Amino acid sequence: MIKTQGRRPSGVRGGQRHQRPGDAGAGLLFLAPWLLGMLLLTIGPMLASLYLSFTDYNLFDTPEWIGLENYQRMFDDPRYLRSVTVTAGYVALAVPLKLAAALGVALLLNRPRLGQGLYRSAFYAPSLIGASVSLSLVWKSIFSDGAIVDRGLGAIGLDTGGWVGRPEFSLPMLVLLAAWQFGGPMVIFLAGLKQIPGELYEAAAVDGAGPWRRFRAITLPMLSPVLFFNLLLEIIGAFQVFTSAFVIATGAAGGGGPAGSTLLYTVYLYGRGFVDFRMGYASAMAWMLVLGVGLVTALLFRTSRMWVHYAGDRA
Amino acid sequence: MTSIKRFRTALAALLLAGGLTACGGGDDAGGDVTLRFSWWGNADRAALMQQSIDLFQAAHPTITVTPSFQEFEAYWQKMATETAGGNAPDVLQMDFAYLREYADRNVLLDLKKTGVKVDDLIPAFQGVGEVNGALYGIPTGGNTWCMFYNPKLLTEAGVEEPRTGITWDQYHALLDTVSKKGAGRTYGGSNYRSVIYSFESYLLQAGATLYTGGGKLGFSKQQLIDYWTVGKQYIDDGRFIPSEKVAQIEPASPITKDLIATEFRWDNFFARYASETEAELKIGPVPVTTAGGPTGQYLKPAMLLSASARTDHPDEAAKLISFLINDPQVGRIFGSNRGIPATNAQRDAAVLEGPALAIAEYEEAIAPLLQKAPPAPPKGAGTIEAAFLRIADEISYGRSSVPDAVDTFFTEAEDTLAG
């Protein structure tokens, strides 16, 4: 019995790849920290939260099974519905703006010029400090009443009276913060631009195509896989935005202010779980988010067939 | 390239593995007891707390206290998760609004079963912190709802400083005058009608309460409609500072930025406000419905000390709480930082000056006007307090009509109270 499962002496079969006996063990050993982390810190909590989403759980008492009630209640919860609307608006505004900025700057930085490295680092820097609390605070201070943006706009006759406290301006302010951090997709766009063969442009120029035509006919199609990748990544990220809204728009009592205008999905989810002690409901919300993002991603993949061109594709 | 990558991965793995094993190494100092003590506050309070803990440890050499603190909001989020994980600290600072929330869920120790010393509490605090006959928290100090005002702004508007006995009608006239003088730069006050404690004092003046003894809402929809309708009217006619301006400066208060002349708050905020502004602020009365009528003010525990029901060291926890409540040296160290002290011994020992003295003098002056404190608020009071502010804010911004907002509030509040 043992024999049949015994390890084959290494290197017997001439044609097979040679494998030393310790390799698999060492591989597993080095994989172990990641594997453990994945199981204990990701898969485990996810399964727990899936279970909790079917319960009434207030963090203190034993969870009580209530089936689909949490999911049903969402559709009668005006704050939940508002958080969905606000988040959809945020994604629809922030993602295109950020990608447009990233592509625009990538095109500018693609041509060799003096100090290119410096420019690239400078534009990338804001993304490094990404979702930090301090950055959100700085953002809040520059958009406040009488601060630099307010005074600047006032000087050209657009008196806003500060963006932070106004429901109609607070979400655009968060969108601008997201767009300003375009460094991540910009770097990926730059890499994509490098892959486009220069001969294509030369040939097009010889044929008399202007810059706009060259951009439409060469750059965009050649860049479409990269564009698709960035779009996907940014949409998934935008659905989960939290820090900026949580820090800037604390509003009256627990985020989402002023007047619920920045009640993003995750902000409401967090409030339900950790402020109102409705952890079952918050878990259900988290799973609805997973479903929603999954759905949007699937849709994107479907439509991508129409506009993403891979090398070697036949049109 | 690949070899560097492989090296990096190996290094990361080693570091991670090292981190994991390091977590396992707990060390016990033989026989001695270690108490975990959590509280909310800032660096100032941390220094005072450490001095007090040092004194306690000097008196009880076998007990080690490991303190930790956060800001108020973060404190309650951490407390909720720690408690849920069965890992609550041995001794913790408690808020009146959360007392029943935690007590009803059996996470707090009944301090009557320990040797905690409460006989020196001032009369108004005897029995405060009891829920269903068990003692779950002991107040460290008290505060009352009151008005802060900026005499300079009032004088500039040609208005007299508010005196005890001022009626709501007179106060609203004052708001009108000051706001008109302020011409869009300064205002009479902020929308006090969006704050649940102002509503509570209004109810107490009318002989009603926020919550019934059975943990239901103690007022009618119509009462809240009336209350918020007037609030909306004063937003519209400019007596109150617009919400946009308040949101800009959060978490600071508009009175500390010289934007408004009056604001209602708990009196222990006075010390903080005084430190945040150049303006000279004063503490004033809560207006009354009819001259000589009740003010609806009562002495609320500013914060309480509780112990975890799961602590392994209930007696030591009780010793620490007793020490922090009763020891005169601790009273001297804290002054009014935790509210005006709750025990006679600490009141006598506290040397009060500046804002602290102003609070103490105010509390002494209004002592005859104080009413009996309502029972500890029901489970979910913290959530309801936040909902009140948020929903009233929707009215201020013109995003919701008053009757709709009241309906929303009642739905949310009743849902919360139902558990």
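**Close-up 1. The side chain of B:Thr177 and the backbone oxygen of B:Ala173.** In this predicted model, the two come to 2.9 Å, a polar contact (N or O atoms within 3.5 Å; within protein, one must be able to donate a hydrogen and the other to accept it, and residues adjacent in sequence count only if both atoms are side-chain atoms). B:Thr177 sits in helix α6 of chain B, residues 168-182; helices here are DSSP runs of H or I, at least four residues, numbered from the N terminus. Leaving out residues up to four places away in sequence, B:Thr177 touches B:Ala157 and B:Val159, where a contact is heavy atoms within 4.5 Å. B:Thr177 is partly exposed, at 36% relative accessible area (buried is under 20%, exposed over 50%, partly exposed in between; 1.4 Å probe, protein chains only). B:Asn106 is 71 residues away from B:Thr177 in sequence, and 52 Å away in space, C-alpha to C-alpha.

**Close-up 2. Helix α2 of chain A, residues 22-52, with its kink.** The 31 residues should span 45 Å at 1.5 Å a residue, and the end C-alpha atoms are 42 Å apart, so the two agree; the expected span is 1.5 Å times one less than the number of residues. A kink of about 45° turns up at A:Ala32, shortly before the proline A:Pro33. That bend is the angle between axes fitted to the seven residues ending there and the seven starting there. A:Pro33 is buried in this helix, and so are A:Ser49 and A:Leu52.

**Close-up 3. Where chain B meets chain A.** Chain A puts 38 residues into the contact and chain B puts in 31. About 2900 Å² is buried between them, 56% of it from carbon and sulfur atoms; buried area is the accessible area (1.4 Å probe) that two parts lose on being put together, summed over both. On the chain B side, B:Gln77, B:Arg105 and B:Gln248 lose the most area to chain A, together 22% of what that side buries.

**Close-up 4. A salt bridge between A:Arg278 and B:Asp415.** Their side chains meet at 3.8 Å, N to O; the rule wants a side-chain nitrogen of Lys or Arg within 4 Å of a carboxyl oxygen of Asp or Glu. Across the interface, the rule finds three salt bridges. There are also six residue pairs in polar contact, both residues at pLDDT 80 or more. Helix α15 of chain B gives the most to the side that touches chain A, with six residues.

**Conventions.** Residues are numbered from 1 along each chain as its sequence is written, and chains are lettered from A in the order in which they are written. Local features need pLDDT of at least 70, side-chain atom pairs count only at pLDDT 80 or more, and totals for chains, interfaces and linings use all residues, while side-chain values use heavy atoms, without hydrogens and water.

Terms used:
Helices (H or I, at least four residues) and strands (E, at least two) are DSSP runs, numbered from the N terminus.
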